[in-house]
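Thank you all for making the time this morning.

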Amino acid sequence: MENTQNNEKTEKKKIVFSAIQPSGTITLGNYLGALKNWVIMQEEFNCIFALADLHTITVRQEPAAFRKNVAEAYASLLACGIDPEKSLFFIQSHVTTHAQLAWLLNCYTQFGELSRMTQFKDKSAKHADNVNAGLFTYPSLMAADILLYQADMVPVGADQKQHLELTRNIAERFNGLYGNTFKVPEPYIPKNGARVMSLQDPTKKMSKSDENVNGFITLMDNPDVIMKKFKRAVTDSEARVAYGEGKDGINNLMSIYSTITGKTFEEIENEFDGKGYGDFKTAVGEAVVEELRPVRERFERYISDKAYMKECYTKSAEIAQKFSQRTLDKAMRKVGFVLK
Ligand code: TRP
């Protein structure tokens, strides 16, 4: 009896899809803003995670570095707690349906819609010498990623919300033309997701492409480096640990500290009442060091066990291929393709 109930519960679990680009080191921002929540969501949902390597080549990559980045990203996510026993965790290019459905969806996505994507505008300004068609159709590949798995929910940060909105529009348009084919996904805003800002310019999001390496923390930074970066973090001249307007630096440090320790802002203000920024920065640095220590240790283990990683991503890709093929076939049949 209990077993039946459990089975029923498993079947009804909502499907979550998300992906991250393996385009370099993973930052504390990725970790606190996204990955830590992915790990938590594994307990409640049927999670499908991917390394979006097809998306990565919309910006030119050096082949050896690209290959290394994919292996390191896979090891990093395992180290963060993505568990291939609980979730699917594969490399996008290993599952052939993604590129296939992306082509189909390209034909149901308007030039005008893609032209309005702010990420396309930003990236084409930044890479003016390589405004390729893949950069333009990046969002329809993202739509394919999501729609292939009939995902109920997609955890995304603010920068990807417009792409998710477009995904919903594409799905609704297709469903409108051919009848129900794709689940229209909802954005998932995690309860305790932090938007981590640069330690050097706290009005900007923490990014690994920041020219100033003191602006970001990577998962692989050693404790000395982490402490140094926090000690150099830009704050303000008020010398009071309190959340407030015009205190972007302190707000950012408080939000990092709060996400890691689970303390509320009020508790943090009380804890550092009468103390200076030096003490606070040390405490935040130490909390981050301790949070990342096991992650770095596990990373070292996974990255030196390529066979284990291969086993994980191969198994997940096989399941993902079968699952997503059903959606691809369904969509193709509706369009009128002759299936083999
Ligand atoms: N474009 C996303 C990013 O850079 C990564 C991504 C690819 C993604 N496909 C996705 C995120 C599907 C959510 C769902 O962050």
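Let me begin with a question: is Lys68 buried or exposed? Keeping in mind that this is a predicted model, Lys68 is exposed, its relative accessible area being 52%. Its side chain meets that of Glu72 in a salt bridge, at 3.4 Å from N to O, and Glu72, with 24% relative accessibility, counts as partly exposed. Because the two residues are four apart in helix H4, which covers residues 63-80, about one helical turn separates Lys68 from Glu72.

That pair is one of 15 salt bridges that the structure holds. Another joins Asp159 to Lys205, where the closest N and O atoms are 3.4 Å apart, and this pair links distant parts of the chain, since Asp159 sits in the loop between strand E4 and helix H9 while Lys205 sits in the loop between strand E5 and helix H10, 46 residues apart. Asp159 is partly exposed at 41% relative accessible area, and Lys205 is likewise partly exposed, at 40%. I would also mention the network of salt bridges that links Asp236, Glu238, Arg240 and Lys247.

Turning to the helix contact, the axes of H2, residues 28-41, and H11, residues 248-261, come within 12 Å and cross at roughly 45 degrees, which means that H2 is oblique to H11. The crossing is left-handed, and Leu28, Leu32 and Lys36 of H2 meet Ile256, Thr259 and Ile260 of H11. By class, that contact comprises four nonpolar residues, one polar and one charged.

Note on methods. Residues are numbered from 1 along each chain as its sequence is written. This is a predicted model: local features need pLDDT of at least 70, side-chain atom pairs count only at pLDDT 80 or more; totals for chains, interfaces and linings use all residues. Side-chain values use heavy atoms; hydrogens and water are left out. Axes are lines fitted to C-alpha atoms, for helices over the stretch in contact, and angles run from 0 to 180 degrees between N-to-C directions. Angles under 35 degrees count as roughly parallel, over 145 as roughly antiparallel, 65 to 115 as roughly perpendicular and the rest as oblique. A crossing is left-handed if the near helix is turned anticlockwise from the far one by less than a right angle, and right-handed if clockwise. Contact means heavy atoms within 4.5 Å. Ala, Val, Leu, Ile, Met, Phe, Trp, Tyr, Cys and Pro count as nonpolar, Asp, Glu, Lys and Arg as charged, and the others, Gly among them, as polar. A salt bridge is a side-chain nitrogen of Lys or Arg within 4 Å of a carboxyl oxygen of Asp or Glu. Buried means under 20% relative accessible area, exposed over 50%, partly exposed in between (1.4 Å probe, protein chains only).
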